[in-house]
Amino acid sequence: SKSASPVTTIAIRNIDHRLTTSEICCKLDGAGYAGTYDYVFTACGKRAKANCGVAYVNFLCQDIARQVCKLGPKTINVNKPGSNARFGPARVQGKEAHLALEKSCQRARTGRRSRFGGRKPNRD
């Protein structure tokens, strides 16, 4: 049987399609989570300026990830108009696993510009 790994990466679904990765980071920081995460990933849709409605955030600590899953809908406004964002554990866990996934998606789109926006937050 598989041992359960700690949940540090969350998926935020039903986000506003106009939000950029940087704007999501600003909303996380504004809600008091600055310095608690090391990676934010948003998949972009066919229009380069729109995301697909999902963001992945990797937190440095599973307790913070759990807290964001519980409190995020009330404290982080990333909602798509007319619906509520859903916060929960991501299927793929960990920053390194998401970086590998992002890289494989980019390779699968040979000859096209990458449609993914990943951001590693600045740390002093």
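Asp-16 counts as buried, at 13% relative accessibility; buried means under 20% relative accessible area, exposed over 50%, and partly exposed in between, with a 1.4 Å probe and protein chains only. The model is predicted, so local features need pLDDT of at least 70 and side-chain atom pairs count only at pLDDT 80 or more, while totals for chains, interfaces and linings use all residues. Residues are numbered from 1 along each chain as its sequence is written, and side-chain values use heavy atoms, with hydrogens and water left out.

Asp-16 sits in the loop between β1 and α1. Helices (H or I, at least four residues) and strands (E, at least two) are DSSP runs, numbered from the N terminus. Setting aside neighbours within four places in sequence, Asp-16 is in contact with Asn-51, Val-78, Asn-79, Lys-80 and Pro-81, where contact means heavy atoms within 4.5 Å.

The side chains of Asp-16 and Arg-18 are joined by a polar contact of 2.8 Å. A polar contact is a pair of N or O atoms within 3.5 Å; within protein, one must be able to donate a hydrogen and the other to accept it, and residues adjacent in sequence count only if both atoms are side-chain atoms. Asp-16 and Arg-18 also form a salt bridge, with the closest N and O atoms 2.8 Å apart. The term requires a side-chain nitrogen of Lys or Arg within 4 Å of a carboxyl oxygen of Asp or Glu. Arg-18 counts as exposed, at 60% relative accessibility, whereas Asp-16 is buried.

Two salt bridges are found in a search of the whole structure. One of them joins the side chains of Arg-66 and Asp-63 at 2.9 Å, N to O. Both residues lie in helix α2, three residues apart, about one turn of the helix. Asp-63 is partly exposed, with a relative accessible area of 45%.

**Overall make-up**

The protein has three helices and five strands, in the order β-α-β-β-α-β-α-β from the N terminus. Of its 124 residues, 40% are buried. Among contacts between residues at least 6 apart in sequence, 70% join residues at least 24 apart.

**Nonpolar core**

In soluble globular proteins, nonpolar side chains tend to be buried together. The largest nonpolar core here has 20 residues, and Ile-10, Ile-12, Leu-28, Val-57, Phe-59, Val-78 and Phe-87 touch the most other members. Such a core is a set of buried Ala, Val, Leu, Ile, Met, Phe, Trp, Tyr and Cys residues joined through side-chain atoms within 4.5 Å. Two or more residues of this core come from each of β1 (9-13), α1 (21-33), β2 (37-44), β3 (51-59) and α2 (62-75). Helix α1 gives the most, with four residues.

Apart from neighbours within four places in sequence, Leu-28 is in contact with Tyr-33, Ala-34, Tyr-37, Val-40, Val-57, Phe-59 and Ile-76.

Thr-42 is found in strand β2 and is buried, with a relative accessible area of 2%. Its side chain makes a polar contact of 2.7 Å with that of Thr-21.

**Aromatic pairs**

A pair of aromatic rings is described by the distance of the centres and the angle of the planes. Four aromatic pairs are found in the whole structure. Rings of Phe, Tyr and Trp (its six-membered ring) pair if their centres lie within 6.5 Å; planes under 30 degrees apart count as stacked, over 60 as edge-to-face and the rest as tilted.

| Pair | Class | Centre to centre | Angle between planes |
|---|---|---|---|
| Tyr-33 and Phe-59 | edge-to-face | 6.3 Å | 75° |
| Phe-41 and Tyr-56 | tilted | 6.0 Å | 40° |

Tyr-33 lies in helix α1 and Phe-59 in strand β3, so this pair ties together parts that are 26 residues apart in sequence. Tyr-33 is buried at 5% relative accessibility, and Phe-59 is buried at 1%. Phe-41 in strand β2 and Tyr-56 in strand β3 are 15 residues apart, and their pair links distant parts of the chain. Phe-41 counts as buried, at 6% relative accessibility, whereas Tyr-56 counts as partly exposed, at 21%. Ring pairs also link Tyr-33, Tyr-37 and Phe-59 into a cluster.
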